[in-house]
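Please examine the sequence and the model shown below. The paragraphs that follow lead through selected features of the structure.

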Amino acid sequence: MLETFAALGNGFALALQPDKLLFALVGVFLGTAVGVLPGIGPALTVALLLPVTFKLDPTGSLIMFAGIYYGGMYGGSTTAILINTPGESASMATALEGNKMAKAGRGGPALATSAIGSFVAGLIATIGLAFLAPALVEFAISFTSADYFALMVLAFVTVSATFGASRLRGLTSLFIGLALGLIGIDKLSGQQRLVFGVPDLTDGVEVTTLAVALFAVGEALFVASRHKAVVEKIEAVKGSVWMTKEDWKRSWKPWLRGTLLGFPIGALPAGGAEIPTFLSYSLEKRLCTKPEEFGNGAIEGVAGPEAANNASAAGTLVPLLTLGLPTSATAAIMLAGFQQYGLNPGPLLFAEKPDLVWGLIASLFVANAMLLVLNLPLVGLWVRLLAIPQPWLYGGIMVFATMGTIAAKPSVIELGMLLVFGLMGFMMRRFDYPIAPVVIGLILGPLAETQLRRALTISLGDPSVLVKSPISITLYVLAAIALLAPFFISALKNLGSNED
Amino acid sequence: MTFFNRFARAAVVAGAVLASTGAVFAQAELKIMAPAAPGGGWDQTARSMQQALVASGAAKSAQVTNVPGAGGTIGIAQFVNGAKGDPNALMVGGFVMMGAILTNKSPVGLDRVTPIARLTGEYEAIVVPANSPIKTAKDLVAALKADPAKVTWAGGSAGGVDHITAGLIAKAAGVDATKINYVPFSGGGEALAAILSGQVTAGISGYGEFEGQIKSGKLRLIGMTSPERLPDVDGPTLKEQGVDVVIANWRAIFAAPDLSADQRKALLATIEKMAKSKEWQDILKQKGWADTYLSGDAFAAYLKTENDVVADMLRSIGLVK
């Protein structure tokens with residue numbers, strides 16, 4: 001423990017030199033700037049900016065990476081909150097409540113709770129990375145395909161939190177997403193499904209394309225269709241742009257809970273950032289003292305998912321550093337960046353190159369702090385974005401959504417999908433169907449299917465494998481509680497009111 | 001005026017000299033397409049080339065673009081249409097693309113681009129968890145012969161080089177390759193976790209993916225698919241254990257269709273200069289890629305025979321009918 005602190009101290013001595021701080025600042029700035037473009041996620045951001053770091057020394061470039069990574073994650077949330085356009089799928093949960101807040105003139109507090117929540121989560125998760133990495137990685141490896149499937153079941157149960165008013169409409173949306181998830185090459189057999197001879201469909205529907213289309217394009221079309229009927233009044237700022245005392249009180253617990261969900265799930269080789277954000281969203285909805293506010297801009301619904309998102313980002317570094325396993329595209333690019341300096345992440349890294357590892361961990365702290373330094377003063381400025389006249393604002397959103405999609409996957413068919421799904425998003429808004437379940441279905445469907453079939457392939461078709469491990473049993477119990485608790489609670493409430 | 005004229009004439013002459021000896025001078029801006037998302041093997045190859053081309057002075061600059069999708073078949077289709085006759089356009093490709101073209105029945109094949117050179121190869125490593133009763137390739141073959149379904153393999157995507165390797169091992173053991181129980185994982189990370197936790201019998205991937213775990217004693221290397229032992233790898237080949245499987249996941253560089261003979265020659269020279277440079281050799285060592293440089297007509301001939309081998313293999317594991 002003491003050794004860890006000494007090593008971390010050395011890391012900070014490296015990361016806190018003035019030129020290194022400058023690299024962190026430049027990294028966060030570039031990352032945020034590129035990350036706000038819809039459709040450009042952290043992976044592409046880091047890939048685009050990788051050559052910039054070729055000329056730097058290892059520590060400098062690692063610090064810049066860390067800055068770009070965190071900046072890119074945060075940039076996606078900014079547009080999610082302000083203009084309902086998540087830059088990547090992990091900030092989708094943020095858009096649900098965040099954009100409602102922004103429309104009610106509370107964009108400032110939403111951005112602030114997102115930035116501070118990201119900072120708190122990043123801080124705790126980085127401490128976790130420094131001290132718990134070896135233990136956590138053992139847990140992550142012991143996660144079998146059957147356990148992943150149990151995790152997906154839990155996620156499916158909690159999706160209902162995003163359904164809005166009507167359960168039937170929510171389920172319809174979810175099944176549209178599940179159907180879209182069937183498109184592409186079947187991962188286990190290598191056979192094509194619903195591809196219709198179009199090579200661009202063999203990899204399935206890109207989650208980012210669907211999310212940007214449904215949220216951004218759909219919203220723009222919807223606003224355009226209604227501009228003659230009723231002009232929706234968006235107040236740029238109502239009250240303070242800062243968080244009130246009550247905002248703080250309602251935010252800190254979601255930050256911590258989000259971190260606790262995001263970090264371990266992010267450390268799982270197939271965990272990702274989306275599942276913890278959804279879990280956090282539905283958890284906050286259940287625990288919120290003012291559930292009626294959910295759907296109309298509850299600050300808990302921004303604070304929790306944002307913390308979960310950032311904590312999972314630190315979580316992905318656990319398998320990367322301790323096993324050399326890149327579990328996300330971003331991590332794979334960071335791995336390429338490390339190797340450029342002859343640094344081979346893996347079981348021996350902590351022993352062989354301690355100064356670099358601790359330098360990286362310290363630079364994560366520094367980048368995290370820099371994110372706050374850069375973005376909190378900008379909150380007031382970002383919020384002014386909403387004061388742009390609507391035709392200009394939504395025209396701009398369409399341009400950036402298209403550009404981002406083309407940058408990530410330059411193909412005409414991808415652009416066609418963006419438009420078709422955009423129209424679908426418009427129709428769904430018009431007829432009051434929730435859009436988030438579509439994207440969740442697209443993410444969870446293929447994951448659940450692959451893990452279930454993989455578990456059964458390994459067990460030679462024996463279904464008892466699904467409930468064999470303590471992890472999967474625990475997850476099923478949690479899913480059952482999440483499913484049944486609302487009924488019990490309402491039954492108890494009825495009982496209480498009868499006694500009166 | 002006269003000064004300007006003279007200057008212009010000098011520039012024209014210099015330009016002509018440059019053009020005629022393009023092989024000697026650094027070429028203009030090269031564009032390298034990685035037909036995959038950032039982070040994968042092709043992307044890393046393209047970005048390493050970018051670094052080595054510029055650092056070795058073989059090219060003035062190089063720009064990498066990613067066109068992901070369908071094992072590279074989307075990239076190659078776009079490359080053939082968009083870069084036709086462009087002497088500065090390059091595309092990375094390899095074994096996996098060859099397989100994807102066959103399994104996806106892609107209308108655009110590798111016969112439509114101009115082969116320049118094979119650059120790297122990664123031999124496959126077969127590993128088992130450290131506590132596995134399987135100690136050698138012979139044990140593995142024995143287990144396969146007893147019941148091929150009970151030997152579960154973890155590796156990359158279905159129909160990829162890992163899957164084909166598993167099929168080849170079964171075939172070499174005299175077992176029906178369509179009966180193997182191969183579990184595809186997306187990306188090396190998930191597969192490695194499944195192998196380490198003992199969920200599967202054996203794992204297959206490029207040696208680099210397992211190197212750290214083998215050195216730290218968590219995985220046992222029971223065979224490499226290289227023709228002979230490699231200097232940096234401490235372990236036997238499959239071949240020396242009587243399992244006659246030699247296969248490498250090669251990666252190569254291609255140029256646009258419809259190039260003139262001179263343009264092709266200039267690109268061959270640029271890539272040769274890069275491949276022989278110290279910068280490139282350093283990168284190969286860092287990444288653990290074998291130098292399998294083979295260029296021009298010899299490479300074109302290799303592509304033809306390799307295509308038959310891959311098609312044959314995909315047929316025997318049932319992915320191509």
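Domain bounds here come from an automatic or database domain assignment. On that basis, chain B is divided into domain 1, covering 28-121 + 249-317, and domain 2, covering 123-241. The model is predicted: local features need pLDDT of at least 70, side-chain atom pairs count only at pLDDT 80 or more, and totals for chains, interfaces and linings use all residues. Residues are numbered from 1 along each chain as its sequence is written, while chains are lettered from A and ligands numbered from 1 in the order in which they are written.

Taken over C-alpha atoms, the centres of domain 1 of chain B and domain 2 of chain B are separated by 27 Å. Their contact takes 13 residues from domain 1 of chain B and 16 residues from domain 2 of chain B; two residues are in contact if their C-beta atoms, placed from the backbone, lie within 7 Å.

On the side of domain 1 of chain B that touches domain 2 of chain B, helix H4 (95-103) and helix H11 (296-316) of chain B each supply at least two residues. Helices (H or I, at least four residues) are DSSP runs, numbered from the N terminus. H4(B) gives the most to this side, with four residues.

In chain A, A:Trp382 is found in helix H16 (residues 379-384). Not counting residues up to four places away in sequence, A:Trp382 touches A:Thr78, A:Leu82 and A:Leu111. A:Trp382 and A:Gly108 lie 274 residues apart in sequence and 8.3 Å apart in space, C-alpha to C-alpha.
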